[in-house]
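Colleague: I would like to learn how to read a model of this kind, feature by feature. Could you take me through it slowly, with the general idea placed beside each case?

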Number of protein chains: 2
Amino acid sequence: MNFFKKKVIFLDYASTTPVDQRVLDVMNTWQSENFANPSALYSSAILAKEKVSEAREKIGEVINTRKNEIIFTSGGTEGNNLALFGVFETFKTEGFTPHFVTTTIEHPSILEVFKEIERRGGEVTYVPVSPEGIVKTKDIENAIKENTVLVSVMYANNEIGTVQPIKEIGRMIKSLKKNNLPYFHVDACQAVLYLNTDALRLNVDLMTFDGIKMYGPRGIGMLYVKSGTKISPIHFGGGQEGGLRSGTENVPAIIGFAEAFKIAEKKKEEESVRLTEIRDYAIDSILKTFPKATLNGSKESRLPNNINICFPGLDSEFVVISLDVHGVSASYSSSCQTLKEDSSSYVVESLGKNDCSLSSLRFTLGRESKKSDIDILITALKKIVIK
Amino acid sequence: MNFFKKKVIFLDYASTTPVDQRVLDVMNTWQSENFANPSALYSSAILAKEKVSEAREKIGEVINTRKNEIIFTSGGTEGNNLALFGVFETFKTEGFTPHFVTTTIEHPSILEVFKEIERRGGEVTYVPVSPEGIVKTKDIENAIKENTVLVSVMYANNEIGTVQPIKEIGRMIKSLKKNNLPYFHVDACQAVLYLNTDALRLNVDLMTFDGIKMYGPRGIGMLYVKSGTKISPIHFGGGQEGGLRSGTENVPAIIGFAEAFKIAEKKKEEESVRLTEIRDYAIDSILKTFPKATLNGSKESRLPNNINICFPGLDSEFVVISLDVHGVSASYSSSCQTLKEDSSSYVVESLGKNDCSLSSLRFTLGRESKKSDIDILITALKKIVIK
């Protein structure tokens, strides 16, 4: 990160990624040169409409979906809200309580929505994860009941980077479906840069993506909604996005988002290999340098860019601020979590490592990360953390 | 509008405005140079957080509010949804039916939300407008009941540009308030470029704005929420915007939005005078050229940029497409309305001019509009419309 000319080692890509210059370039024309509302009827509006349709096609090529299955939102949080509330509002009726299954380590934009769904009369089962941070397909299966309308499992965790067995869960749910229920929702915001997001192959019905996590524009995301999946809108109005998401289309962001998908897909394999090497170098070096430190979450089933380490006894907030003084941007738990008064990590607690919930650091790699960044990180850590 | 080098007379500024170049300029640094998530704890994130706070301050100076009273949203539709659902969800309880008062000519992002609120058990009174398109304060007052929790009246209509007596209604509601209820919500999306939007002076509790209508960025809007106003969120998650709107802040768009507010405020008076002159020239010329044509809505209490004319017997969709061939971008009813199967204008019908609901054209002026555009428009209309 070239933060206003001062060289900074940025190790918080799970929190946010910069907008790719190629993305900014394709957006440019649609800000003030052709700025038409795609719902209007004159030539420039029709062209904007066509470009939005083209963007759907481009994204559809990456995630193997049809154009009308893509609902653009303002980001990942809205996408997750739309998926869960959308299904809840569709199925709650007099005398029927919709039941949901999820895990204990989902993002706040899932867990907080489920809290609200419970408040509104829905029922939610929270399936725990293993000490490695992985949910068992069998546990999900056992939690499914007659009235289960949706199962929501994140593809990869935002804090500890563990990758869930989405393909296996998808297959299991498919085999249990009656009248197309339960639906399977996957939050793929953290996964899209590194893992296969073929919606058909994964047997998902709903899948969330966010531009800000994939070098795309801010304020744009999408929810994949498989044809035949019944969901209600959460924003009502002009009836855009097939009635599922009213509000004038954010044309430049949609066009840029499609470009970000294209670039991500192209770089996926190469970046995964490259970052896995840097990640493993970092994990091994840190654990060697700090013998009491432990890795949070599975090393094998893990995003290529995620390093999350517990330093017993350490005050993670203090270390994050101290690392900043040394020119390293890192985080403890997740950015969303820092807004809470209780900054302990419920994800780390879910691993049974309660002592680590206030003593863990997250370093997440990205396109600008180099192996030498890790050496600088370790030098800084040595100055701050007592072995 | 310089639509890809082909000169076009753009007369649909109520549908969308181009992003001001100065707005794009201030956004630029925050896309990829400093892209940090404002919730993180390192220097670049803290700077991003400060810039967001500064943006709130800048906007607060224009609309006379405090920083913590500004809730950023993804646009006008989300703002209106948040205001209405937010109040409904807060006050609906066992044994209490929240009642709402609104007008028959509100934007679809109000009327469709009220339909949904009725479906969820709320009660809504729709107050009609005069043949001039203005609601009477007395009629609003008469509609208010013991269980009224909110009155929602748009500042200026998006189709016919009529301006409602917001200050008067605000004063009336203030005098009736018990336990701070009913709240007064105003959709100011169409008004902000031309009318006074001082929240205290207008006695509003909630007020919606949209970047795309004011030469600002796409995908950004805001809801003013007066301190002490009880509303619930519609997006749940990380707890951003004081818990009222979860989702990572769209930093570049927020910064650009504040700049758009600043520019709008600076230009407000001068543009209002300039466009009123062009508007009146257009109305007079059209009515003189087409003797059977009539103006929809009051001429006096009307946005400076709105011209909406009924041409009896005309097929407005056909004319909009024909005007496009002549290089003029116009609309019938509103862009949102074109998505509906029934493209007739419920706003024009509310005036009692049922014959005009499929035969009206909307021309809306903006910063690039010149008097000579009107001459070109009239020349084109003469070729298309039979006198």
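**Helix packing in chain A**

Modeller: Let us start with a pair of helices, where A:R22, A:V23, A:V26, A:M27, A:W30 and A:Q31 of α1(A) meet A:V251, A:P252, A:A253, A:I255, A:G256, A:E259, A:A260 and A:I263 of α8(A); here two residues are in contact if their C-beta atoms, placed from the backbone, lie within 7 Å. The model is a predicted one, in which local features need pLDDT of at least 70 and side-chain atom pairs count only at pLDDT 80 or more, while totals for chains, interfaces and linings use all residues. Residues are numbered from 1 along each chain as its sequence is written, with chains lettered from A and ligands numbered from 1 in the order in which they are written.

Colleague: At what angle do α1(A) and α8(A) pack, and how far apart are their axes?

Modeller: Helix α1 (residues 21-32) and helix α8 (residues 251-289) of chain A make an angle of about 155°, and their axes are 8 Å apart. Axes are lines fitted to C-alpha atoms, for helices over the stretch in contact, and angles run from 0 to 180 degrees between N-to-C directions. Helices (H or I, at least four residues) and strands (E, at least two) are DSSP runs, numbered from the N terminus. α1(A) and α8(A) are therefore roughly antiparallel, since angles under 35 degrees count as roughly parallel, over 145 as roughly antiparallel, 65 to 115 as roughly perpendicular and the rest as oblique.

Colleague: Is the crossing of α1(A) and α8(A) left-handed or right-handed?

Modeller: A crossing is left-handed if the near helix is turned anticlockwise from the far one by less than a right angle, and right-handed if clockwise; that of α1(A) and α8(A) is right-handed. The residues of this contact between α1(A) and α8(A) divide into ten nonpolar, two polar and two charged, where Ala, Val, Leu, Ile, Met, Phe, Trp, Tyr, Cys and Pro count as nonpolar, Asp, Glu, Lys and Arg as charged, and the others, Gly among them, as polar.

Colleague: How do α3(B) and α4(B) pack?

Modeller: In chain B, α3(B) and α4(B) pack at about 30° with their axes 9 Å apart, which makes α3(B) roughly parallel to α4(B). Their crossing is right-handed. Among the residues in this contact are B:L84, B:F85 and B:F88 of α3(B) and B:V113, B:F114 and B:I117 of α4(B), and the residues of the contact divide into seven nonpolar, five polar and no charged.

Colleague: How should I read the sheet in chain A, and in what order do its strands stand?

Modeller: Strands of a sheet pair through backbone hydrogen bonds, either parallel or antiparallel. Two strands pair here if DSSP finds at least two bridges between them. In chain A, seven strands form an open sheet with mixed pairing, in the order β4-β10-β9-β8-β7-β5-β6; β4 (70-73) and β6 (123-127) are the edge strands, each pairing on one side only. The twist averages 20° from one strand to the next. Within the sheet, β7 (residues 148-152) and β8 (residues 183-187) of chain A pair in the parallel sense over three bridges, and A:L150 has A:Y183 of β8(A) as its bridge partner. Helix α4 (residues 108-119) of chain A packs on the sheet, touching β5 (99-103), β6, β7 and β8, with its direction at about 155° to that of β5(A).

Colleague: How are the two chains related, and where do they meet?

Modeller: Two copies of a chain are related by a rotation about an axis and a shift along it. Here a rotation of 180° with 0.0 Å of shift along its axis superposes chain B on chain A (RMSD 0.0 Å), by least squares on the C-alpha atoms of residues with pLDDT of at least 70 in both. The two copies are thus related as by a two-fold rotation axis. As for the interface, 64 residues of chain B are in contact with 64 residues of chain A, and α4(B) gives the largest share of chain B's side, five residues. That side divides into 25 nonpolar, 31 polar and eight charged residues. The copies meet through the same surface, because 100% of the interface residues of chain B are also interface residues in chain A.
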